[in-house]
Amino acid sequence: MGAMGAGRGKEPGVLQCFPFLPTLCRAMSHQILLLLAVLTQGLATSQQGDKVPCEMVDKQVSCQGLGLLHVPSMLPRDIEALDLSGNQLRSILASPLGFYVALRHLDLSTNEISFIQTGVFQALPHLEHLNLARNRLAAGTMLSTPGLGPLPRVTSLDLSGNSLYSGLVERLLGEAPALRALSLAENSLTRLARHTFWGTPALERLDLHSNVLMDIEDGAFEALPHLAHLNLSRNSLTCISDFSLQQLRVLDLSCNSIEAFQTAPEPRAEYQLAWLDLRENKLLHFPDLAALPSLIYLNVSNNLIRLPAGPPQGGEGIHAPSEGWSALPFSNPSRNASSHPLSQLLNLDLSYNEIELVPEGFLEPLTSLRFLNLSRNCLRGFAVLRAGFLPCLVHLDVSHNALVTLALASRALGSLRTLLLQDNALQDLPPYTFAGLASLQRLNLQGNRVRPCGGPGEPGALGCVAFSGLSSLRILNLVDNEMERLRAGAFLHTPLTELDLSANPGLDVVTGALAGLEASLEVLALQGNGLAVLQVDLPCFSCLKRLNLAENRLSRLPAWTQAVSLEVLDLRNNSFSLLPGSAMGGLEPSLRRLYLQGNPLSCCGNGWLAAQLHQGRVDVDGTQDLTCRFGSQEEVALSHVRPEDCEKGGLKNVNLIIILTFALVSAILLTTLATCCCVRRQKFGQQYKA
């Protein structure tokens with residue numbers, strides 16, 4: 001014990017008792033320094049590895065499509081926008097995302113996110129726009145989480161493409177008092193419950209397209225007093241009854257299976273709906289729109305609608321709900337047209353239905369209508385019999401029907417600019433069918449049997465239609481009308497800029513048929529008419545920019561000896577062998593594209609064309625396929641022809657001519673010599689006999 005006490009009294013002697021300690025301390029210090037160096041290097045390497053090649057402009061950072069597995073942690077803390085879309089993120093944790101407290105825009109779309117830590121977005125007090133589209137929010141541990149949590153300042157949220165189903169949405173959506181735009185599109189929702197949107201009272205835009213919605217519980221939208229845009233397209237809805245969203249302005253119900261659309265019988269306030277899309281449904285009747293005074297756009301195309309021929313028998317409105325009469329424009333004859341619920345309508349699309357007849361007065365109350373589409377129905381006749389009818393209409397499409405008759409009253413359709421009548425069965429129309437359309441600019445009659453009359457004072461064929469004197473008309477399409485003859489002056493005093501007369505095989509375009517168009521025509525098409533001779537003085541058309549003469553039998557063109565405006569010339573599938581510079585030279589300043597495939601071009605004598613190919617002044621379309629012939633030899637690529645090839649051919653021709661000339665002269669000399677010999681022999685014989 002004393003020894004131990006003595007030992008304590010000599011503290012400096014401790015090292016003497018353990019002589020190996022200095023060496024151990026030095027070794028440990030080296031090890032510690034080495035460990036620190038390794039840790040420092042590892043930390044530096046970790047930090048260096050965390051530096052991803054994101055792009056930063058001002059306070060906006062884009063890390064899009066970099067294959068990231070985690071949210072990067074070494075970005076500037078004051079960034080306001082972060083794009084992490086198109087990566088491989090699987091979870092979103094409070095660290096490191098919570099470091100970026102200044103974030104306003106966060107894009108996490110197109111990842112593999114299935115887990116979001118509770119309260120992660122609460123740590124971002126300024127977050128306004130959050131995009132979680134195309135992730136896996138319906139899978140994995142997301143099911144056991146309390147959802148996205150409160151989103152106090154978020155104004156737009158995109159949850160589309162996450163395979164979300166009914167019931168899960170309510171768990172995901174927490175309190176979002178400032179949310180104005182929400183997308184739940186492209187999910188697997190089958191119904192909307194009454195309480196689905198209770199946490200989003202400020203919602204203005206809601207997108208639910210491409211789900212499987214079959215049922216919307218009563219009051220599902222009552223918690224959304226500011227909802228203005230609602231997209232329910234591409235779902236499985238079959239009926240809209242008691243529609244009562246007075247505040248709604250835009251409603252898209254396209255691509256469902258809706259058979260009926262009815263508003264609530266006694267709305268609490270006036271409806272604000274201005275845009276309604278019901279295309280591609282199963283409507284049998286015109287929808288009930290009597291309570292929608294603000295409607296300006298209505299699309300009911302691609303349905304099964306048939307319009308009734310007249311009011312129901314036995315009193316007005318008795319069978320209105322079942323027969324779809326309550327909203328028809330003529331359902332109440334005593335109603336003033338200007339006060340009709342559809343009097344503000346600007347655009348009405350009734351195409352792709354089964355309408356056989358437009359009832360008299362059906363369209364008359366639509367005094368503001370500007371665009372009307374009745375194409376692809378079963379109409380056999382269309383008549384406008386009253387002056388002042390549809391005074392604002394500028395576009396009327398009645399194409400692809402079975403029209404046989406067309407009657408347009410004078411001073412009707414006063415604002416009409418475009419009239420589409422292609423692919424009907426119109427023929428033998430009254431001569432002045434289009435004369436009363438004072439504003440008409442574009443007329444399409446392709447695929448009918450319309451025959452133009454001649455100019456004013458010319459005797460017209462029975463049933464022909466006058467196209468002269470239409471001072472507003474600019475574009476006329478008469479393709480495939482089985483026209484046989486285009487008479488002189490057919491378009492006098494009609495300043496057309498575009499005229500298409502193609503696909504009328506055997507058409508005889510007489511001299512002067514296009515007279516009066518020299519100063520206005522910019523586009524002329526005569527394709528596929530079998531023309532062998534062109535009786536149109538084309539160089540006189542100073543404004544012509546595009547000329548289509550393809551698929552005829554032409555072999556010559558008039559000479560463009562003066563500069564014109566022609567930019568595109570189509571001569572495909574004709575009989576041209578030569579395009580001499582004497583005829584084409586005037587086109588050089590303006591011509592930009594020339595189509596020549598399918599012509600028996602000669603390899604020699606086409607110096608003008610060869611110059612265009614080699615100098616690139618004109619784009620000769622399909623140069624690789626453009627071929628020519630040396631006499632009767634096989635076809636070769638015109639671009640491969642060299643000047644010496646033609647010179648050799650010319651030299652051969654000269655040699656042949658010389659040989660033939662020598663032979664001819666020799667034959668003449670021999671004949672003369674033989675004749676002289678015969679004469680001398682005869683004289684000698686006579687002298688001998690004497």
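Rings of Phe, Tyr and Trp, the last represented by its six-membered ring, pair if their centres lie within 6.5 Å. In this predicted model, six aromatic pairs are present. The rings of Phe197 and Phe221 have their centres 6.2 Å apart. Their planes stand at 15 degrees, so this pair is stacked. Phe197 sits in the loop between β10 (191-192) and β11 (205-207). Phe221 sits in the loop between β12 (215-216) and β13 (229-231). The pair therefore ties together parts that are 24 residues apart in sequence. Phe197 is buried, at 0% relative accessibility. Phe221 is also buried, with a relative accessible area of 9%.

Phe243 and Phe261 form a tilted aromatic pair. The distance is 5.6 Å centre to centre, with 40 degrees between the planes. This pair links distant parts of the chain. Phe243 belongs to strand β14 (residues 239-243) and Phe261 to strand β16, 18 residues apart. Phe243 counts as buried at 7% relative accessibility. Phe261 counts as buried at 2%. Ring pairs join Phe243, Phe261 and Tyr271 into a cluster.

Ser254 is placed in the loop between β15 (250-252) and β16 (260-263). The residue is buried, with 2% relative accessibility. Leaving aside residues up to four places away in sequence, Ser254 touches Ser233, Arg234, Asp277, Arg279 and Asn281.

Disulfides were considered next. A disulfide is a covalent bond between the sulfur atoms of two cysteines. A search of the whole structure finds three disulfides. Cys54 and Cys63 form one of them, with sulfur atoms 2.0 Å apart. The torsion about this S-S bond is about 110 degrees, so the disulfide is right-handed. Cys63 is buried, at 0% relative accessibility.

Cys453 and Cys464 form another disulfide, with sulfur atoms 1.9 Å apart. Here the torsion about the S-S bond is about 95 degrees, so this disulfide is right-handed. Cys453 and Cys464 both lie in the loop between β25 (442-444) and β26 (475-477). The pair therefore ties together parts that are 11 residues apart in sequence. Cys453 is buried, with a relative accessible area of 8%. Cys464 is buried at 5% relative accessibility.

A disulfide also joins Cys603 to Cys628, at 2.1 Å from S to S. This link is right-handed, with 95 degrees about the S-S bond. Cys603 lies in the loop between β33 (593-595) and α8 (607-615), whereas Cys628 lies in strand β35 (residues 627-629). The bond thus ties together parts that are 25 residues apart in sequence. Cys603 counts as buried at 6% relative accessibility. Cys628 counts as buried at 1%. Two further cysteines, Cys378 and Cys392, were examined for accessibility. Cys378 is partly exposed, with a relative accessible area of 35%. Cys392 is partly exposed, at 31%.

Side chains of opposite charge can pair when their charged atoms come close. The structure holds 15 salt bridges. Arg104 forms one of them with Glu128, the closest N and O atoms being 3.1 Å apart. Arg104 lies in the loop between α4 (94-97) and β5 (105-107). Glu128 lies in the loop between β6 (115-116) and β7 (129-131). The pair therefore ties together parts that are 24 residues apart in sequence. Arg104 is partly exposed, with a relative accessible area of 29%. A network of salt bridges links Arg104, Glu128 and Arg153.

Arg485 forms a salt bridge with Asp508. The closest N and O atoms of this pair are 2.9 Å apart. The pair links distant parts of the chain, 23 residues apart. Arg485 is in strand β27 (residues 485-486) and Asp508 in strand β29 (residues 508-509). Arg485 is partly exposed at 43% relative accessibility. Asp508 is partly exposed at 28%.

Arg572 takes part in two kinds of contact. With Asp570, Arg572 forms a salt bridge whose closest N and O atoms are 2.6 Å apart. Arg572 also lies over the face of Tyr595, at 5.1 Å from the ring centre. Arg572 counts as partly exposed, with 30% relative accessibility. Asp570 counts as buried at 6%.

Technical notes: Residues numbered from 1 in each chain as written. Predicted model: local features only at pLDDT ≥ 70, side-chain atom pairs only at ≥ 80, totals over all residues. Heavy atoms only, no water. Salt bridge = Lys/Arg side-chain N within 4 Å of Asp/Glu carboxyl O. Helix = DSSP H or I, 4+ residues; strand = E, 2+ residues; numbered from the N terminus. Buried < 20%, exposed > 50% of the residue type's maximum accessible area, 1.4 Å probe, protein only. Disulfide = S-S within 2.5 Å. Contact = heavy atoms within 4.5 Å. Phe/Tyr/Trp six-rings, centres within 6.5 Å; stacked < 30°, edge-to-face > 60°. Lys NZ or Arg CZ within 6 Å of the ring centre and 35° of its normal.
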